[in-house]
Amino acid sequence: MELSADLLLHAYSIGIFPMADDRDDPEVFWVDPKRRGVFPLNQFHMSRSLARTIRRQTFDVTHNRDFANVVEGCADRPQTWINDEIFSRYNELHGRGHAHSIEIWQDQELVGGVYGVSLGGAFFGESMFSRRTDASKVALAYLMCHLQNCGFTLCDTQFLTPHLASLGAVEISRAKYQSLLKEALYVDAEFTAQPLPAAQDVLQRKTQTS
C-alpha cells in the first residue's frame, strides 16, 4: 500500500503509526503498541539544571521555522526508522498544517528540536534530537507548555523510554490510549493558534525535580 499524507492522518486517527527498519529500507510497517507512552501535559518534570538553562535563555526557540531540518536532525543517527518515504510524507503533512516542529538554536545554528503530527486535540510526538546539552529537553519543555496554551489534551510519545519517563511521561494500556485519543480528536486545537510561550511561562508550568 502506498504511503500518503491522507493515509498517515487516518492511521493516527485510529492509533497506529509508521516506521521503517532502517534509513535505506524502502518498506514501511505499521505499529500499534500494546502499551503506549503519553506525556500528561501538566506533569512535565523539570530538573533544576534545566530550569536554569531556560531561565538564562541559553538557546533561541522557534516553531515551524525549519521543519525539514529538524526531521533531518532526528534521522541523523546510526539507526533510524525515518526513511526517504517517511521523510517526504511528513514534509507533506507539514505543508498541509498537520506536522510541526520546535527548533532550538544557538549562535544561529540548529542544535536541537522535536517534531510531531497534530490532529484535533492530539499531538503525536515523533522524534527529537540534540547537539548541545539539554537542547532536546528545552524543546520538550516548550512543546508541553505550547500544547497546553493551544488547547491540546493528548501528547503521544509512542513508546516509553527511561529518558522520557524521567521527564514525566507515563505508560498506559492500548485501551486507555484509544479512549483518550477518541476524546482528543473532537477537541478543536490548533498548533499555530498561539505564539510560543515565553521562558517564564514555561518555567511556571512544570513539576520541579532535583
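Let's start with a word we'll need: a residue is buried when its relative accessible area is under 20%, exposed when over 50%, and partly exposed in between, using a 1.4 Å probe and protein chains only. What you see above is a predicted model, where local features need pLDDT of at least 70 and side-chain atom pairs count only at pLDDT 80 or more, while totals for chains, interfaces and linings use all residues. Residues are numbered from 1 along each chain as its sequence is written, and side-chain values use heavy atoms, with hydrogens and water left out.

Now, helix α3, residues 67–75. Helices here are DSSP runs of H or I with at least four residues, strands are runs of E with at least two, and both are numbered from the N terminus. Which residues of α3 are buried? They are F67, V70, V71, G73, C74 and A75. Their cover includes α4, β6 (99–106), β7 (109–119) and β8.

Let's follow one of those strands. V114 sits in β7, and it counts as buried because its relative accessibility is 5%. Leaving aside neighbours within four places in sequence, V114 is in contact (heavy atoms within 4.5 Å) with V70, H100, S101, I102, S127, M128, A139, L140 and L143. Its C-alpha atom is 6.9 Å from that of S136, 22 residues away along the chain.

Next, a pair of helices. Helix α2 (residues 48–55) packs against α5 (residues 135–149) at about 80 degrees, with the axes 10 Å apart. Axes are lines fitted to C-alpha atoms, for helices over the stretch in contact, and angles run from 0 to 180 degrees between N-to-C directions. The two helices are therefore roughly perpendicular to each other; that label covers 65 to 115 degrees, with under 35 roughly parallel, over 145 roughly antiparallel and the rest oblique. On the α2 side we find L50, T53 and I54, meeting K137, V138, A141 and Y142 in α5.

Finally, the largest pocket. A pocket is an open set of points on a 1 Å grid over the protein atoms alone, where a 1.4 Å probe fits, with protein on both sides within 12 Å along at least five of seven lines; lining residues have an atom within 4 Å of a point. How many residues line the largest pocket? There are 21, and E126, S127, M128, T157 and L164 lie nearest its centre. The elements giving two or more residues to this lining are β8 (122–130), α5, β9 (154–158) and α6 (162–166).
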